[in-house]
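Let's take a friendly walk through the structure shown here. Keep it open beside you as you read.

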Amino acid sequence: MFGCSSAFQRVAFLLMAPKLKPQRLHQIAETGAEQLVKRARTMSTQSSIKDAFSTYADYLNNFNEKRERVVKASRDITMNSKKVIFQVHRLSKDNKEEVLEKAGKDLEAVREQHFSRLMKELQGTDFWKLRRAYSPGVQEYVEAATFYKFCLSGALVTLDEINETLLPLNDPSLEPLQINILDYLLGLADLTGELMRMAIGRISDGEIEFAQRICQFVRQIHRELMLVVPKMDDSYDMKSKLEVLLQSVIKIENACFSVHVRGSEYIPMLGDNAPTSFLLGGADVE
């Protein structure tokens, strides 16, 4: 009796329970599928972002390693170019050929041993991104090359002539890497400081005419740069070096002027047999 009643109650409950419509079942199925797609898409997006940042990290690591190698090569170029400059400063009227021959070999060694390393790192890459890393070495090399050339022939070596000496170091399968005009001009501005020191030294040794040629050469460089710099983009380095260049011109002019006006005070320093002294029968300094 009681068992039959319980069975009827269960049947009644099932009949009275709300039934899910087919459309509702379809919506539930679609919602589940969308969740699965979104989860797969999220996983795929996270994976692609991770791969992208992994690529960026590899690029930055390689770039920083290359930058360190470029900085090292630039420092080696700077150090060895300074040695060339010191060698040229040993120049006198008695050892000109010997000193310049040694300086020429040292300058060639800078190209073959150190500049070639720099070019291998930069050629075929976005070298402009690393200009701050290698520019000091390039400027020092330009300074050494122009200083050597002036003492050898009294002329200014041009940018094209410098780049021509570097051309054999380039990989022929890639676009040639050359010194840009800005680094050349910055190195040329530094050259005047070395010429000023040489002019003072040559006056002390009695080579007045040589000091006078240096004075005229430095004046010309200053005059030409004064015409070029205002047309350049804003360059703090060039403006500051131009101020130092003017000071070098003034120092050379003052030294040559003092010898000309107060030459008698320089007789003990120049010596009684100094052939270049205009006070002792040599050519007068104009």
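Which helices do the buried residues of H8 pack against? They pack against H4, H6 and H7.

## About the model

This is a predicted model, in which local features need pLDDT of at least 70, side-chain atom pairs count only at pLDDT 80 or more, and totals for chains, interfaces and linings use all residues. Residues are numbered from 1 along each chain as its sequence is written, and side-chain values use heavy atoms, with hydrogens and water left out.

## Helix H8

H8 has 26 residues and spans 38 Å from its first C-alpha to its last. That is close to the expected 38 Å, where the expected span is 1.5 Å times one less than the number of residues. Helices here are DSSP runs (H or I, at least four residues), numbered from the N terminus.

Among the buried residues of H8 are Met238, Leu242, Leu245, Val249, Ile252 and Val259. Lys241, Ser248 and Ser258 are also on that list. Buried means under 20% relative accessible area, exposed over 50%, and partly exposed in between, with a 1.4 Å probe and protein chains only.

## The largest nonpolar core

A nonpolar core is a set of buried Ala, Val, Leu, Ile, Met, Phe, Trp, Tyr and Cys residues joined through side-chain atoms within 4.5 Å. The largest one here has 65 residues, and Phe115, Leu118, Tyr141, Ile162, Ile179 and Ile214 touch the most other members. At least two core residues come from each of several helices, including H2 (22-88), H3 (96-122), H4 (131-153) and H8 (236-261). Because domain 1 (64-179) and domain 2 (180-263) both contribute residues, this core lies between them; the domain bounds come from an automatic or database domain assignment.

Look at Tyr141 next. Beyond its neighbours within four places in sequence, Tyr141 has contacts (heavy atoms within 4.5 Å) that include Ile77, Leu107, Phe115, Ile162 and Ile179.

## Aromatic pairs

There are five aromatic pairs in the structure. Rings of Phe, Tyr and Trp (its six-membered ring) pair if their centres lie within 6.5 Å; planes under 30 degrees apart count as stacked, over 60 as edge-to-face and the rest as tilted. Phe53 and Tyr56 are edge-to-face because their ring centres are 5.7 Å apart and their planes meet at 70°. Tyr59 and Phe63 are stacked, at 6.1 Å centre to centre with 20° between the planes.

Phe53 is exposed at 56% relative accessibility, while Tyr59 is partly exposed at 44%. Phe150, Phe210 and Phe217 form one aromatic cluster.
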